[in-house]
Amino acid sequence: MSSGGLELPPGDSGHEGGPADAPPAGVAAGAVSLAPQTAGSAPAGAELDWSTEAWSEVRTRAQRAGRAYIWLNLIEQRLRSVVGAVLRPIYEPVHGGDDWVVAAAGPAGQEWVQRAVAVREVSRRKGYLLDSADDNVLSFLTLPQLRELMVQHWPCFEPYFDDRREIELALDELEVTRNVVSRNRALSRPVLEQAERASARLLEVLGGGSGSPAADRLPIDAVEDLVGDRYADVISVHPDRVRLQRQLPAEDLFGGARRLDAIGIGLNLLVQNFSGRRLVRLTEAGCRVRLLFLNPASSAVKRRERELGLRKGELSRSVEMNILHVRRVRAGLRDPSRFEIHVFDETPRFTAYLVEGQSSGIAVVQSYLRRARGMESPVLVLRGGGRGVPKDADHGLFATYREEFESVWEDSRPVS
């Protein structure tokens, strides 16, 4: 009997009663049992477990979103700093305090700037402001709003930045990624890579052009700075030299170098991809060059020819041609002492290009595999020297290969 005086219908009255139809012991007739399902019975409710494939997909999504979020956060902080540095001196003397942001937004931005003010007040009351430096309206503006301030007041920013369209295009590309990340949706790898390229370009533009691209090759990104300790000073790995040169052309690797040390059998990455005239200009601009070739007359060259299945004398002639090429480069210099060429007779274990600029250093390292030529061997790119070096740089690979180079250099012989 229900609370309303109506009799409830019996359960499953179409079946004949029997032991199978009787409720479990201790459960009243018509009640629903909450006992766990026994083996072999149908599961109740939706399946909540994730399969291995689902966990893998979720992990991939989180990794991509994490990388994108770091870039977006870095861009937002940089743009906030730029907007504050340019507009604050113009509006703050007249309007004072945080009202300068409201005045700069103007009637067109009144709605979103008032919303930022309200969010700040809520954050104050609830104790969300953990750093007093963030207790201002500018810190609560989002990337689109900062962009709007920049566009509205472009004549104020024009003396500092050359190309407004380049900045706007980069921010347009980032807006797609920002929309995906803010709503925790799937981020494809092409969109992530596009966002990283746009972020790197935008950071370079917003830097005010203070550094030279050659001195800051492969700029440290925020992700590398966070996880760099896990990989010492290795910043990228490539399955072969072809893929390396797509990302890091020879001009980007060697251009602007102040010190270039290279060791290997024939040093083809330098000799065949960086012209002699460019080498002359590089040295005349102040770069000190030291090149270590495997002696083409040594028994190690013959062993290497046999390993690679080359005809007798083929590798030695190639090394001789490369040495003759760099000798001609050295002969055309006003100060040949800045361009040193040596040969060594030991078994070659690796090839390395240690390039140091005014503010950073990069090394490209390849081990010699028994059946693979240099173009086909895996490549490590290391960061070292100058600013931006990881905290444990003393234990990094750059220092290891630098020490190995110096050891072989001491035992080598100069080429006249």
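## A walk through the predicted chain

Arg349 forms a salt bridge with Glu346, and the closest N and O atoms of the two are 4.0 Å apart; a salt bridge here is a side-chain nitrogen of Lys or Arg within 4 Å of a carboxyl oxygen of Asp or Glu. Arg349 is exposed, with a relative accessible area of 55%, whereas Glu346, at 31%, counts as partly exposed, where buried stands for under 20% relative accessible area, exposed for over 50%, and partly exposed for what falls in between, with a 1.4 Å probe and protein chains only. Elsewhere, salt bridges that share partners join Arg259, Asp261, Arg290, Glu356, Arg402 and Glu406 into one network.

This is a predicted model, in which local features need pLDDT of at least 70 and side-chain atom pairs count only at pLDDT 80 or more, while totals for chains, interfaces and linings use all residues. Residues are numbered from 1 along each chain as its sequence is written, and side-chain values use heavy atoms, with hydrogens and water left out.

The secondary structure of the chain comes to 15 helices and eight strands; these are DSSP runs numbered from the N terminus, with helices (H or I) of at least four residues and strands (E) of at least two. Of the 416 residues in the chain, 39% are buried. Among the contacts with a separation of 6 or more, 72% are between residues 24 or more positions apart, a contact being heavy atoms within 4.5 Å. The accessible surface comes to about 24300 Å², and carbon and sulfur atoms hold 51% of that area, as found by the Shrake-Rupley method with a 1.4 Å probe, where for residues only the protein chains shown count as cover.

Arg304 counts as buried because its relative accessibility is 6%, while Glu307, at 29%, is partly exposed.

In soluble globular proteins, nonpolar side chains tend to be buried together. A nonpolar core is a set of buried Ala, Val, Leu, Ile, Met, Phe, Trp, Tyr and Cys residues joined through side-chain atoms within 4.5 Å. The largest such core has 57 residues, of which Phe254, Leu291, Phe293 and Phe339 touch the most other members. Apart from it lies another core, of 39 residues, among them Ile75, Ala104, Leu143 and Met150.

Ser199 has its place in helix H7 (residues 189-206) and is buried, with a relative accessible area of 0%; leaving aside neighbours within four places in sequence, Ser199 is in contact with Trp71, Ile75 and Leu174. Leu294 lies in strand E3 and counts as buried because its relative accessibility is 0%. Not counting residues up to four places away in sequence, Leu294 touches Gly264, Ile265, Ala300, Val301, Val319, Phe344, Glu346 and Pro348. From Leu294 to Glu320 there are 26 residues in sequence and 9.7 Å in space, C-alpha to C-alpha.

Glu346 and Arg349 return in the lining of the largest cavity, together with Ile263, Phe344, Thr347, Pro348, Phe350, Glu404 and Val408. On a 1 Å grid over the protein atoms alone, a cavity is a set of points where a 1.4 Å probe fits but cannot get out, a pocket is an open set with protein on both sides within 12 Å along at least five of seven lines, and lining residues have an atom within 4 Å of a point. The largest cavity has a volume of about 60 Å³, a volume being the space filled by probe spheres set on the grid points, which are joined across faces, edges and corners. The second largest pocket holds about 430 Å³ of space, and of the 25 residues that line it, the closest to its centre are Arg241, Asn268, Leu315, Arg373 and Gly374. Helix H14 gives the most to this lining, with five residues.
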